[in-house]
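This report describes a single protein model, element by element. The sequence and structure are shown first, and the description follows.

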Amino acid sequence: LRSFALLSYQLPGLIVGSLTRTSIQHAVDSGVDSAAIVAYLERNAHPLMAAQTPVLPETVVNQIHLWAKERSRMAADRCKLYDAFDSLRRFDEACTYAREIGAHLWSRRFPEERNLHKCSLAVRAEAHGSMKSFLRAAA
């Protein structure tokens, strides 16, 4: 319980605590997943709560899962950005190659040749050498 709740009071047969974003995320960082937290709370609920269906309010369960997922919503990767392509065809070839080698992270393409300067491709930093070789060979 202490791994995911901030305990305020502990009496015989009664524990008062708070679930917060910080406490849930600390538990997740320590290896406790949100399903385990919910299961623990349901297993150890007061008998009056345990008699209800569902045992825990849906909003509480959803919030626990949302706070746990906040840690994995976005990941940062070192990357290289390419944005000086001489044609849309070359841009498309570079995107295809990046996908083939598993380095494609993000790309933005505009259909008109006049917007070529806005086309961008982000690839994993470790693939920069391969991408550079591909772009030079195709030139």
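## Surroundings of F4

Apart from its neighbours within four places in sequence, F4 is in contact with L19, S23, I24, A27, I37, Y40 and L41, contact meaning heavy atoms within 4.5 Å. The model is a predicted one, in which local features need pLDDT of at least 70 and side-chain atom pairs count only at pLDDT 80 or more, whereas totals for chains, interfaces and linings use all residues. Residues are numbered from 1 along each chain as its sequence is written, and side-chain values use heavy atoms, with hydrogens and water left out.

F4 belongs to the segment before β1. Helices (H or I, at least four residues) and strands (E, at least two) are DSSP runs numbered from the N terminus. With a relative accessible area of 4%, F4 is buried; the classes are buried under 20% relative accessible area, exposed over 50%, and partly exposed in between (1.4 Å probe, protein chains only). The C-alpha atoms of F4 and A27 are 5.1 Å apart in space, although 23 residues separate the two in sequence.

A27 is one of the buried residues of helix α1 (residues 21–29), together with S23, I24 and Q25. The cover over the buried residues of α1 includes β1 (6–11), β2, α2 and α4 (58–69). After α1 comes G31, with a positive phi near 105°.

## Strand pairing

Strands β1 and β2 are antiparallel and share five bridges; two strands pair if DSSP finds at least two bridges between them. Within this pairing, V16 in β2 is the bridge partner of Y9. The hairpin of β1 and β2 has two residues between the strands, and G13 takes a positive phi near 80° there.

A further, open sheet has three strands in the order β3-β5-β4, paired antiparallel. Its edges are β3 (79–82) and β4 (104–108), each with a single partner strand, so one side of each has no neighbour in the sheet. On average, neighbouring strands of this sheet are turned by 15° against each other, direction ignored. Four bridges join β3 to β5 (residues 120–124), and K80 has V123 in β5 as its bridge partner.

The angles below run from 0 to 180 degrees between N-to-C directions, with axes as lines fitted to C-alpha atoms, for helices over the stretch in contact.

| Helix | Strands | Angle |
|---|---|---|
| α5 (residues 88–100) | lies across β4 and β5 | about 160° to β4 |
| α6 (residues 128–138) | touches β3 and β5 | about 25° with β3 |

D83 lies in the loop between β3 and α5 and, at 41% relative accessibility, counts as partly exposed. Leaving aside neighbours within four places in sequence, D83 is in contact with H117, C119 and S120. D83 and T96 are 13 residues apart in sequence, and their C-alpha atoms are 15 Å apart in space.

## The largest pocket

The largest pocket holds about 580 Å³ of space. A pocket is an open set of points on a 1 Å grid over the protein atoms alone, where a 1.4 Å probe fits, with protein on both sides within 12 Å along at least five of seven lines; lining residues have an atom within 4 Å of a point. Grid points are joined across faces, edges and corners, and the volume is the space filled by probe spheres set on the points.

The lining comprises 19 residues, with L1, I15, L41, N44 and A45 nearest the centre. Two or more lining residues come from each of β2 (14–18) and α2 (34–43), and β2 gives the most, with five. By type, the lining has 14 nonpolar, five polar and no charged residues; Ala, Val, Leu, Ile, Met, Phe, Trp, Tyr, Cys and Pro count as nonpolar, Asp, Glu, Lys and Arg as charged, and the others, Gly among them, as polar.
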